[in-house]
Amino acid sequence: MEIKLRPYQLSDVDDFMEWACDDQVIRTSRLRAICLEDRPIGFICVKPGSDHQICRGQISYALGSKYWNKGITTVAVKLVISSVFEEFPDMERLEGFVNVEIKASQRVLEKAGFQKEGVLRKYVIVHGKTIDVIMYSCLKTDQTN
(Lines give C-alpha, C1' and ligand atoms only; values in the text may rest on other atoms or scores of the structure.)
Protein backbone atom coordinates (compact mmCIF):
# COMPACT_ATOMS: atom_id res chain seq x y z
CA MET A 1 0.00 0.00 0.00
CA GLU A 2 1.55 3.31 -1.11
CA ILE A 3 0.67 6.38 0.96
CA LYS A 4 1.72 9.86 -0.12
CA LEU A 5 0.67 13.49 0.24
CA ARG A 6 -0.16 15.86 -2.63
CA PRO A 7 -2.34 18.87 -3.31
CA TYR A 8 -5.97 18.19 -4.23
CA GLN A 9 -6.84 18.09 -7.91
CA LEU A 10 -10.14 18.76 -9.63
CA SER A 11 -10.40 15.09 -10.47
CA ASP A 12 -10.48 14.32 -6.71
CA VAL A 13 -13.89 15.90 -6.17
CA ASP A 14 -15.91 12.67 -5.99
CA ASP A 15 -13.44 10.97 -3.66
CA PHE A 16 -13.26 14.10 -1.49
CA MET A 17 -17.03 14.27 -1.17
CA GLU A 18 -17.24 10.61 -0.20
CA TRP A 19 -15.18 11.05 2.97
CA ALA A 20 -16.09 14.70 3.63
CA CYS A 21 -19.76 13.71 3.96
CA ASP A 22 -19.10 10.54 5.97
CA ASP A 23 -20.81 10.90 9.35
CA GLN A 24 -18.09 8.81 11.00
CA VAL A 25 -15.47 11.33 9.80
CA ILE A 26 -17.27 14.60 10.44
CA ARG A 27 -18.75 13.72 13.82
CA THR A 28 -15.56 15.02 15.46
CA SER A 29 -15.42 18.25 13.47
CA ARG A 30 -17.57 20.63 11.51
CA LEU A 31 -16.39 21.02 7.94
CA ARG A 32 -18.58 23.44 6.04
CA ALA A 33 -18.48 24.94 2.61
CA ILE A 34 -18.29 28.72 2.40
CA CYS A 35 -20.79 29.48 -0.34
CA LEU A 36 -21.46 32.54 -2.46
CA GLU A 37 -24.81 32.39 -4.25
CA ASP A 38 -25.03 28.72 -3.13
CA ARG A 39 -21.72 27.88 -4.87
CA PRO A 40 -18.82 26.60 -2.73
CA ILE A 41 -15.81 28.93 -2.86
CA GLY A 42 -13.93 27.79 0.24
CA PHE A 43 -14.24 25.94 3.52
CA ILE A 44 -14.38 26.57 7.22
CA CYS A 45 -13.69 23.90 9.81
CA VAL A 46 -14.06 23.73 13.58
CA LYS A 47 -12.29 20.86 15.31
CA PRO A 48 -13.34 20.47 18.95
CA GLY A 49 -10.92 19.20 21.54
CA SER A 50 -11.42 15.93 23.39
CA ASP A 51 -10.72 14.53 26.82
CA HIS A 52 -9.01 17.17 28.98
CA GLN A 53 -9.03 19.59 26.00
CA ILE A 54 -12.79 19.41 25.48
CA CYS A 55 -13.06 23.02 26.63
CA ARG A 56 -11.41 24.30 23.44
CA GLY A 57 -11.56 23.96 19.70
CA GLN A 58 -9.65 25.16 16.69
CA ILE A 59 -10.92 27.01 13.64
CA SER A 60 -9.38 26.92 10.18
CA TYR A 61 -10.54 28.24 6.83
CA ALA A 62 -9.54 28.83 3.23
CA LEU A 63 -11.12 30.77 0.40
CA GLY A 64 -10.48 30.80 -3.34
CA SER A 65 -8.07 33.65 -4.12
CA LYS A 66 -10.41 35.45 -6.50
CA TYR A 67 -12.76 36.00 -3.52
CA TRP A 68 -10.13 37.47 -1.19
CA ASN A 69 -10.50 40.95 0.34
CA LYS A 70 -14.29 41.04 0.00
CA GLY A 71 -15.19 40.31 3.64
CA ILE A 72 -16.54 36.85 2.83
CA THR A 73 -14.33 34.92 5.24
CA THR A 74 -15.09 37.35 8.07
CA VAL A 75 -18.82 36.76 7.56
CA ALA A 76 -18.27 32.98 7.51
CA VAL A 77 -16.23 33.07 10.74
CA LYS A 78 -18.93 35.17 12.43
CA LEU A 79 -21.59 32.68 11.32
CA VAL A 80 -19.60 29.80 12.82
CA ILE A 81 -19.05 31.66 16.08
CA SER A 82 -22.79 32.29 16.38
CA SER A 83 -23.45 28.54 16.58
CA VAL A 84 -20.27 26.73 17.60
CA PHE A 85 -20.64 27.21 21.35
CA GLU A 86 -24.19 25.83 21.19
CA GLU A 87 -23.17 22.86 19.03
CA PHE A 88 -20.33 22.03 21.40
CA PRO A 89 -21.61 22.98 24.87
CA ASP A 90 -18.37 21.94 26.61
CA MET A 91 -16.32 24.28 24.40
CA GLU A 92 -15.43 27.52 26.15
CA ARG A 93 -12.63 28.66 23.84
CA LEU A 94 -12.14 28.71 20.07
CA GLU A 95 -8.57 29.18 18.85
CA GLY A 96 -7.18 30.33 15.52
CA PHE A 97 -3.55 30.28 14.39
CA VAL A 98 -2.39 32.63 11.63
CA ASN A 99 0.94 32.95 9.85
CA VAL A 100 2.51 36.24 11.04
CA GLU A 101 2.96 37.24 7.39
CA ILE A 102 -0.69 36.86 6.38
CA LYS A 103 -2.20 40.16 7.50
CA ALA A 104 -5.56 39.58 5.79
CA SER A 105 -6.23 36.43 7.82
CA GLN A 106 -5.28 38.27 11.00
CA ARG A 107 -7.85 40.95 10.13
CA VAL A 108 -10.49 38.25 9.53
CA LEU A 109 -10.18 36.94 13.08
CA GLU A 110 -9.92 40.40 14.63
CA LYS A 111 -13.05 41.63 12.79
CA ALA A 112 -14.87 38.48 13.87
CA GLY A 113 -14.14 39.29 17.54
CA PHE A 114 -11.09 37.14 18.25
CA GLN A 115 -8.44 38.50 20.61
CA LYS A 116 -4.76 38.34 19.74
CA GLU A 117 -2.92 36.41 22.46
CA GLY A 118 0.64 36.34 21.19
CA VAL A 119 3.18 34.99 18.78
CA LEU A 120 4.20 31.33 18.85
CA ARG A 121 7.71 31.28 17.44
CA LYS A 122 8.79 28.51 15.05
CA TYR A 123 5.44 26.81 15.66
CA VAL A 124 4.66 24.97 12.43
CA ILE A 125 6.30 23.95 9.17
CA VAL A 126 4.72 25.34 5.98
CA HIS A 127 6.24 24.44 2.61
CA GLY A 128 9.37 23.15 4.32
CA LYS A 129 9.95 26.32 6.35
CA THR A 130 9.29 26.71 10.08
CA ILE A 131 7.13 29.78 10.63
CA ASP A 132 5.86 31.94 13.47
CA VAL A 133 2.10 32.13 14.01
CA ILE A 134 -0.15 34.46 15.93
CA MET A 135 -2.55 32.78 18.31
CA TYR A 136 -6.06 34.21 18.54
CA SER A 137 -8.96 33.15 20.72
CA CYS A 138 -12.64 33.76 21.10
CA LEU A 139 -14.30 32.77 24.38
CA LYS A 140 -17.88 31.70 24.91
CA THR A 141 -18.19 34.52 27.45
CA ASP A 142 -17.08 37.03 24.76
CA GLN A 143 -20.29 36.24 22.91
CA THR A 144 -22.57 37.24 25.76
CA ASN A 145 -20.87 40.61 26.36
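View A. With a relative accessible area of 57%, Tyr-8 is exposed. Here buried means under 20% relative accessible area, exposed over 50%, and partly exposed in between (1.4 Å probe, protein chains only). Together with Trp-19, Leu-31 and Phe-43, Tyr-8 makes a nonpolar surface patch of about 400 Å². A patch takes residues with over 30% relative accessible area and no salt bridge, joining like charges within 9 Å and nonpolar side chains (Val, Leu, Ile, Met, Phe, Trp, Tyr) within 5 Å. The accessible areas come from the Shrake-Rupley method with a 1.4 Å probe, and for residues only the protein chains shown count as cover.

A quick note for all views: this is a predicted model, in which local features need pLDDT of at least 70 and side-chain atom pairs count only at pLDDT 80 or more, while totals for chains, interfaces and linings use all residues. Residues are numbered from 1 along each chain as its sequence is written, and side-chain values use heavy atoms, with hydrogens and water left out.

**View B. The negative surface patch.** Look here for Asp-14, Asp-15, Glu-18, Asp-22 and Asp-23, which form a negative surface patch. For charges, Lys and Arg count as positive and Asp and Glu as negative, while His and the chain ends are not counted. The place of a charge is taken as NZ of Lys, CZ of Arg, CG of Asp or CD of Glu. Helix H1 (residues 13-20) supplies the largest share of the negative patch, three residues. Glu-18 is in helix H1, and its relative accessibility of 62% makes Glu-18 count as exposed.

**View C. The largest nonpolar core.** Ile-59, Val-77, Leu-94 and Phe-114 touch the most other members among the 26 residues of this core. Two or more residues come from each of strand S2 (39-48), strand S3 (56-63), helix H3 (72-87), strand S4 (93-99), helix H4 (103-111) and strand S6 (129-139). H3 gives the largest share, seven residues. A nonpolar core is a set of buried Ala, Val, Leu, Ile, Met, Phe, Trp, Tyr and Cys residues joined through side-chain atoms within 4.5 Å. In soluble globular proteins, nonpolar side chains tend to be buried together.

**View D. The salt bridge between Arg-32 and Glu-87.** The structure holds three salt bridges, each a side-chain nitrogen of Lys or Arg within 4 Å of a carboxyl oxygen of Asp or Glu. In this view, the side chains of Arg-32 and Glu-87 meet at 2.5 Å, N to O. Arg-32 belongs to strand S1 and Glu-87 to helix H3, so this pair ties together parts that are 55 residues apart in sequence. Arg-32 counts as partly exposed at 31% relative accessibility, and Glu-87 likewise counts as partly exposed, at 30%.

View E. Arg-93 and Glu-117 meet through their side chains in a salt bridge of 2.5 Å, N to O. This pair links distant parts of the chain, with Arg-93 in strand S4 and Glu-117 in strand S5, 24 residues apart. Glu-117 counts as partly exposed at 43% relative accessibility. Through shared partners, salt bridges join Arg-93, Glu-95 and Glu-117 into one network. In the bridge between Glu-95 and Arg-93, the closest N and O atoms are 2.7 Å apart. Glu-95 is buried, with a relative accessible area of 8%.

**View F. Two loop residues with positive phi.** Glu-37 is not a glycine, yet has a positive phi of about 55 degrees. You will find Glu-37 in the loop between strand S1 (30-36) and S2, where 75% relative accessibility makes Glu-37 count as exposed. His-127, also a residue other than glycine, has a positive phi near 50 degrees. The loop between strand S5 (115-126) and S6 holds His-127, which is exposed with a relative accessible area of 83%.

View G. Ala-62, in strand S3, counts as partly exposed at 33% relative accessibility. Ser-65 lies in the loop between S3 and H3 and is exposed, with a relative accessible area of 52%. From C-alpha to C-alpha, Ser-65 and Gly-42 are 9.4 Å apart in space and 23 residues apart in sequence.

Methods. Helices (H or I, at least four residues) and strands (E, at least two) are DSSP runs, numbered from the N terminus.
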